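Hi,

Here is the structure you asked for, with the sequence alongside.

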Amino acid sequence: MSSSSSPMQSTGRKLKLKSKDDETFEVEEAVAVKSQIFKYMVEDGVSNGPIPLPNVNGKTLARVLQWCQKHADPTITEDELNKYDAGFIDVDQAVLYDLLMAANYLNIEELLKLACMRVADMIKGKSPDEIRRTFNIKNDFTPEEEEEVRKENAWALGP
Amino acid sequence: MLLYFLITCFSFILFIKSLPLKPLPPWADEMRLLPLRFWKDLSLFHISVLIKNTLPSSYLPLVPYNMSLIKKSLSSKVENVAETEEMSVLDLPELALECILERLPPAALCSTAAVCSSLRERCLSDHLWEKHMKRKWDSIIGPAAYREWQWYIALRRDSNNLKQGKHKGLMRLLSLSWPFSSFRSKVNDTGKQRSSLPVDSIMAWYLALETGRFRFPAQVYNRENGNVGFMLSCYDAEVSYDCRTDTFQARYPPHGRRAAAPENGVPWERLRAPPVDTPPHDLHISDSLHELHPGNHIEIQWRRNKEFPYGWWYGVVGHLESCDGNENYCRCQNSDTVVLEFNHYTPGSRWRRTIINRKDHREEGNEADGFYGGIRKLKNENEISTWKRLWPAEVLE
């Protein structure tokens, strides 16, 4: 994290980013370094042109940068941050996966953890059938395998 | 003659045209051009493909029929990507999937292992279950329990091998000559390949513990739920877990010929893994006698008579009668005699103190007062505070 200027001041250096669908974003360095990728770039000296991100589309990048902005704000309290995160990650599956992939690609550890925790929460407490329905996964076990797996699972669904 | 031949060709062409509801596969064109050759090459194989192609395409991937027979079940990834090209959780990069699975509690991990084969493969992985084992069972599973587990899986492996040995030869023969999926899956079952949980996996161990199927050696504090006769003692027992009540059932070794009744509802706080590898009927060789001085916390083996198993009893090293307890002048450590005090008994009680000889203490006692055996000096603060926590509310006789 930049030790000198707060991200709210406009004197901080900016990074230019270009999404897969050619949308450009300008973001404060202090915000961008939430991503390890950008952190290394900044430390090594960034090139002048916009950094191309062929794996992230504009919509997702906008969301991710919004999250980084919030998390780079030194005035925000932990409670507010938790509340913000809870609202931020409450999205439908397609958006969730986009965020997860972007966080993975840009190496933003906290966002990746947040998204993974959300998916884990969607799995908890569900039976295998319910999990299949939520995530649209096909059951590819044979009837014999299904039987064996069900016996093992009786414990998990038990009391 | 020629006319007859042309008519059959024609009607055949019409037949071909009317059959499929979707565009003909490429080889069908060849059929139309060379009807004679087609009939020559015809096999059961080709006709069934033709019939298959009349069904809606979403049920059948368009792969050659022989491949789908001989190849093992298709990877679930192909089938799991929905028709509309939406991303599925299975399409996430490995690191992300790992990240998600690591955050699942054991029950959810078990349920996820039952969803589909590719998830199952990941969910069965040892490193995921290692964390859960450590978190829940570390405090009461020790080397003795681990050895019991090795025995348990060795026995199961042996019985599995016996079962498989009978069927393997016949099934393999059948699967080669009759390539239908039902037989193939039977071979898979006896081969125990895709879906079965490896008996030596950590997940298998965790489940065996949780369901109570696996009984293991542990020690129970204040057995028989605060029975006055066992206060501040710790006895060996075979325990099994009851996940409904989150407690254990303890089975104690018999006292002589009298079988001990099992104790139910033993809570986690009253259990521990055996701290030393001494079986309950064996004398523990004391190794810290020369170090003992007043104030030390100890555990000593004690049994009513030589037929009974030992229990471990908590006490402290006290001062000799000749010593007034003043730290600066205390010479108790230099004496051959060590005083052991069990302060949860009243001062007049015969259980309150005992004397042992530092030099050659093994087992001492008689039929009236029981037999005092090996001694362990307690160094671990946790052990000491556990005994203190279990201190009886009232002083005992």
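C68(A) is buried: its relative accessible area is 2%, and buried here means under 20%. Keep in mind that this is a predicted model, so every value below is computed from it.

While we're on cysteines, how many disulfides does the structure hold over all chains? The count is 0. For C68(A), the nearest cysteine sulfur belongs to C116(A) and is 16 Å away. A disulfide would need the two sulfur atoms within 2.5 Å, so C68(A) is in none. Over in chain B, C110(B) is in no disulfide either; the sulfur of C123(B) is the nearest one to it, at 8.9 Å. C110(B) is buried too, with a relative accessible area of 0%.

Next, strand β2 of chain B, which covers residues 233–242. Of its 10 residues, 8 are buried, so the strand is largely enclosed by the rest of the structure. Which strands does it pair with? Here is the list:

- β1(B), residues 216–221, pairs with β2(B) in the antiparallel sense over 6 bridges. One bridge to look at puts F216(B) with V239(B).
- β3(B) also runs antiparallel to β2(B), and 5 bridges join them. Here V239(B) stands opposite A250(B).
- β7(B), residues 311–318, is antiparallel to β2(B) as well, with 3 bridges. In this pairing Y235(B) has G311(B) as its bridge partner.

Last one: is H255(B) buried or exposed? It counts as buried, because its relative accessibility is 12% and the cut-off is under 20%. H255(B) sits in the loop between β3 (247–251) and β4 (263–266) of chain B. Leaving aside neighbours within four places in sequence, H255(B) is in contact with R223(B), F230(B), Y235(B), F308(B) and P309(B).

Cheers

Methods:
Residues are numbered from 1 along each chain as its sequence is written. Chains are lettered from A and ligands numbered from 1 in the order in which they are written. This is a predicted model: local features need pLDDT of at least 70, side-chain atom pairs count only at pLDDT 80 or more; totals for chains, interfaces and linings use all residues. Side-chain values use heavy atoms; hydrogens and water are left out. Helices (H or I, at least four residues) and strands (E, at least two) are DSSP runs, numbered from the N terminus. Buried means under 20% relative accessible area, exposed over 50%, partly exposed in between (1.4 Å probe, protein chains only). Contact means heavy atoms within 4.5 Å. Two strands pair if DSSP finds at least two bridges between them.
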